[in-house]
Amino acid sequence: LAHRLENPRYLGLCYHNVAEPVDPLTHFGYDCKRPGEFEQDLAMLASVFGIADASPFAEQAAPEPARRGQALVSFDDGHRQWHDIVLPILRRQCVR
């Protein structure tokens with residue numbers, strides 16, 4: 001992940017699959033993160049960029065972030081894993 005980061009106003013990341021083990025039925029060729037890898041991503045993003053509040057992004061297409069270089073994390077589809085796996089990780093990392 002770090003090799004993709006340069007100096008953006010904000011960085012948007014969309015996760016498609018966070019699971020252990022990787023489920024081939026929901027993978028569909030997208031990168032899949034294991035829960036520990038996802039948690040490491042969040043910790044790195046929080047320390048380097050800070051995690052952006054999603055509210056301004058719902059109100060306008062390209063909002064001015066609270067500070068330069070914040071990361072916005074989003075999730076594709078409505079998989080149960082977002083509630084069962086990802087939500088506890090977000091809470092541990094204090095991401096809202």
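## Aromatic pairs

The structure, a predicted model, holds four aromatic pairs, a pair being two rings of Phe, Tyr or Trp (its six-membered ring) with centres within 6.5 Å, counted as stacked when the planes are under 30 degrees apart, as edge-to-face when over 60 and as tilted for the rest. In one of these pairs, the ring centres of Tyr-15 and Phe-38 lie 4.9 Å apart and the ring planes stand at 85 degrees, so the arrangement is edge-to-face. Tyr-15 belongs to strand 1 (residues 10–15) and Phe-38 to helix 2 (residues 35–48), so that the pair links distant parts of the chain, 23 residues apart; helices (H or I, at least four residues) and strands (E, at least two) are DSSP runs, numbered from the N terminus.

Tyr-15 is buried at 7% relative accessibility, and Phe-38 is buried as well, with a relative accessible area of 0%, where buried means under 20% relative accessible area, exposed over 50% and partly exposed in between (1.4 Å probe, protein chains only). Tyr-15 and Phe-38 also belong, together with Phe-75 and Trp-82, to one aromatic cluster.

## Salt bridges between separate elements

A search of the whole structure finds four salt bridges, each defined by a side-chain nitrogen of Lys or Arg within 4 Å of a carboxyl oxygen of Asp or Glu. Among them is the contact between the side chains of Glu-20 and Arg-34, at 3.3 Å from N to O. Glu-20 lies in the loop between strand 1 and helix 1 (24–27), and Arg-34 in the loop between helix 1 and helix 2, so this bridge ties together parts that are 14 residues apart in sequence. Arg-34 is partly exposed, at 34% relative accessibility.

A further salt bridge joins Arg-92 and Glu-39, whose closest N and O atoms are 3.1 Å apart. Because Arg-92 lies in helix 4 (residues 81–92) and Glu-39 in helix 2, the pair ties together parts that are 53 residues apart in sequence. Glu-39 has a relative accessible area of 22% and is partly exposed.

## The Arg-80 and Asp-84 bridge

Arg-80 and Asp-84 form a salt bridge in which the closest N and O atoms are 2.9 Å apart. Arg-80 is exposed, with a relative accessible area of 63%, whereas Asp-84 counts as partly exposed at 40% relative accessibility.

## Basis of the values

Residues are numbered from 1 along each chain as its sequence is written, and side-chain values use heavy atoms, with hydrogens and water left out. In this predicted model, local features need pLDDT of at least 70 and side-chain atom pairs count only at pLDDT 80 or more, while totals for chains, interfaces and linings use all residues.
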